[in-house]
Amino acid sequence: MILQRDMVFIKTITFDKPPVEEVRILNLLKDLDFNMVKIPNYSFSCWKNVLTIHMEYIKGEQITPHTAPEFKSIVLRDLVNSPNSISAAGYAPSNFIFNKQGLYFVDLEDMREISIEDRMKKFLKEPKNGWIK
């Protein structure tokens, strides 16, 4: 009898030098809260210049131009205008998955220290994907 089944997404990224900043961000990200935007559970390891992320696979749907208006205010409030110094740097709707449990940002290596002004500029560059209508 199966008691539990987990699906894990494994991403391996090779950098040209040790990913010190990326590791720092991933460590800090575990303690941050983005209100209604969830970050999947994850763990990671780093060996020399190779970063491996084991992230909970989120079953659901990607945001599309059709569904983007439904989530626009949440993304603006909880990621773009987040008081956290670390937030998303890319707002392509495909970086988001939604399901009955909520809205998830799934592109962990796209999280970094970025000002609210720069986040807004990046968010506004995504009109072709349906955020801005």
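Lys 121 forms a salt bridge with Asp 118, with their closest N and O atoms 3.9 Å apart; a salt bridge here is a side-chain nitrogen of Lys or Arg within 4 Å of a carboxyl oxygen of Asp or Glu. Both residues lie in helix H3, 3 residues apart, about one turn of the helix, where helices (H or I, at least four residues) and strands (E, at least two) are DSSP runs numbered from the N terminus. Lys 121 counts as exposed at 55% relative accessibility, whereas Asp 118 is partly exposed at 36%; buried means under 20% relative accessible area, exposed over 50%, and partly exposed in between, with a 1.4 Å probe and protein chains only.

This is a predicted model, in which local features need pLDDT of at least 70 and side-chain atom pairs count only at pLDDT 80 or more, while totals for chains, interfaces and linings use all residues. Residues are numbered from 1 along each chain as its sequence is written, and side-chain values use heavy atoms, with hydrogens and water left out. The mean pLDDT of the chain, pLDDT being the predictor's confidence in each residue from 0 to 100, is 92, and 94% of the residues reach 70 or more.

A search of the whole structure finds 7 salt bridges, and Arg 24 takes part in one with Glu 21, where the closest N and O atoms are 2.8 Å apart. Glu 21 and Arg 24 are separated by about one helical turn, because they are 3 residues apart in helix H1. The side chain of Arg 24 also meets that of Glu 113 in a salt bridge, at 2.2 Å from N to O. Since Glu 113 lies in strand S9 and Arg 24 in helix H1, this pair ties together parts that are 89 residues apart in sequence. Elsewhere, Lys 11, Asp 107 and Glu 109 are linked in a network of salt bridges, and Asp 107 is buried, with a relative accessible area of 17%.

What lies in the interior? In soluble globular proteins, nonpolar side chains tend to be buried together. The largest nonpolar core has 34 residues, and those with the most contacts inside it are Leu 103 and Met 111; such a core is a set of buried Ala, Val, Leu, Ile, Met, Phe, Trp, Tyr and Cys residues joined through side-chain atoms within 4.5 Å. The largest share of this core, 7 residues, comes from H2.
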